[in-house]
Amino acid sequence: MTNLHRHAPLRVALVGLGTVGGGVIRLLETNGALIARRAGCPIQIVAISARDRTKDRGVDLSPYEWVDDMMTLATRDDVDVVVELIGGSDGPALTLARQCLAAGKPFVTANKAMLAHHGLSLATIAEKAGIALKYEAAVAGGIPVIKGMREGAAANEISRVYGILNGTCNYILTTMEKEARSFDEVLKEAQDLGYAEADPSFDIDGIDAAHKLTILAALAFGTELDFDAVATTGIRHVIAADIAEAAALGFRIRLVGMAENGAGGLFQRVHPMLVPLDHPLAHVDGSLNAVVAEGNFVGRLFFQGRGAGDGPTASAVVADLIDVARDEYGDAFAMPVAALTPQNPADAGKRVGRTYLRFKVQDRPGVLAEIAAATRDAGVSIESMIQRGANQADGVLVAIVTHAGEERWVHDALHRLAGSDSLLQTPMVMHILD
């Protein structure tokens, strides 16, 4: 690709005019002169496209050409780069990405779902065409974690990458913690405030975080993307009592996405975890995101900031456009696609660590002994056990923290208890970030 920015503006087609799309327009209008100096040329939106032409988006769209058929943007000579902000793992977003890249047009996206499912094929097309596939905005909003991993930490062997990857879940958990309120109540408030969608399952069931973790793992370890290999559990079953017990034990509960590459293979999981108070993730509150990467020479890297919203995400999109204007881009996942290795999933059951278990049980003699016997027979050593409440109608809560041991032992103990009429609901399992 020639250096378009030497004499002419970088001409951008913007597809998708939701919160982030409006933010991109406002950012370019506000910081346009500074961006031009840093990019080496003006960055100008020349065409826009979205589903509803009549919707009021809070920005003036009159300076830009409206395009009804977004697919035509892939082959227009007066468009240098296409920005996709419509979302969705398949459908129009994927078709547009494929057509743009096949036509030799750089492509910028915030679409983590599409990348998690189709990133390898898209990177292959971009690589063959020798053009940019950029996606800083797809992970952790305005935090430059993709650039940090792909460029700043490129000389390091990364052993582990993990973090708080979903602001909705973090807002819910930290509000429950600070105000001693129930999950359902805080979720409703988050929806009213616009932090959560009307259907929040994509966030609260961990799917959004799993998409982002899939991308981070490929960058960190040079492995092929495999969304289906991420073991995913959300936060909808975390209750106020879990928050209180964690606090009493010196922890805070966070939804953590973690990927770790070792001799046993690649481990990937999104799961609510108990985070020690002396760990930086314990102090990431509200809708903030944070990512930790551990390199063999650089040590621990900690990225924190706003993980969503029009301003932060637009900032990441425009940073990618500046890279395109400068011709500063390489392989989408830090190395050629052919160099990415197939995943060898690790056996999570062999992971060693401590675990928090919460049971809701019948208020009757012998229940604690039954739980203790099951854990003993499975080889689980109990560090502490707490019983709260005594209400025969609702049962009582029993919280256990185990000593370090293999996770399969915990699962064996729960299997031994399965079907017991002493248990009033499925036990809650949360591992401890040690």
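Guide: We may begin with a term: contact means heavy atoms within 4.5 Å. This is a predicted model, in which local features need pLDDT of at least 70 and side-chain atom pairs count only at pLDDT 80 or more, while totals for chains, interfaces and linings use all residues. Residues are numbered from 1 along each chain as its sequence is written, and side-chain values use heavy atoms, with hydrogens and water left out.

Visitor: Which residues is Met-258 in contact with, leaving aside neighbours within four places in sequence?

Guide: Its contacts are Arg-160, Val-161, Tyr-162, Leu-213, Phe-267, Gln-268, Arg-269, Met-273, Arg-351 and Leu-433. Met-258 belongs to strand S9 (residues 251–262); helices (H or I, at least four residues) and strands (E, at least two) are DSSP runs, numbered from the N terminus.

Visitor: Is Met-258 buried or exposed?

Guide: Met-258 has a relative accessible area of 4%, so it is buried. Buried means under 20% relative accessible area, exposed over 50%, and partly exposed in between (1.4 Å probe, protein chains only).

Visitor: What sits over the ring of Phe-267?

Guide: The charged end of Arg-351 does, 3.8 Å from the ring centre. The criterion is that NZ of Lys or CZ of Arg is within 6 Å of the ring centre and within 35 degrees of the ring normal. Tyr-135 has the charged end of Arg-150 over its ring, 5.5 Å from the centre.

Visitor: How many aromatic pairs does the structure hold?

Guide: There is 1 aromatic pair. Tyr-135 and Phe-333 have ring centres 5.4 Å apart and planes at 35°, so the pair is tilted. Rings of Phe, Tyr and Trp (its six-membered ring) pair if their centres lie within 6.5 Å; planes under 30 degrees apart count as stacked, over 60 as edge-to-face and the rest as tilted.

Visitor: Where are the two residues of the pair in the chain?

Guide: Tyr-135 is in the loop between strand S6 (133–134) and helix H4 (145–152), and Phe-333 is in the loop between helix H10 (310–326) and strand S13 (352–353), 198 residues apart. Tyr-135 is buried at 0% relative accessible area, and Phe-333 is buried at 1%.

Visitor: What is the phi of Ala-140?

Guide: Phi of Ala-140 is near 65°, a positive value in a residue other than glycine. Most residues other than glycine have a negative phi. Ala-140 is in the loop between S6 and H4 and is buried, with a relative accessible area of 1%. Asp-327, in the loop between H10 and S13, also has a positive phi, near 60°.

Visitor: Turning to the sheet, what is the strand order?

Guide: The open sheet of 6 strands runs S3-S2-S1-S4-S5-S6, with parallel pairing. Two strands pair if DSSP finds at least two bridges between them. S3 (65–66) and S6 are at the edges with a single partner strand each, so one side of each has no neighbour in the sheet. Strands S1 (residues 10–15) and S2 (residues 43–49) pair over 6 bridges, and Val-15 has Ser-49 in S2 as its bridge partner.

Visitor: Which residues have the most contacts inside the largest nonpolar core?

Guide: They are Val-145 and Ile-172, in a core of 85 residues. Helix H8 (residues 207–221) gives the largest share, 10 residues. Such a core is a set of buried Ala, Val, Leu, Ile, Met, Phe, Trp, Tyr and Cys residues joined through side-chain atoms within 4.5 Å. Apart from this core lies another of 35 residues, including Leu-10 and Tyr-64.
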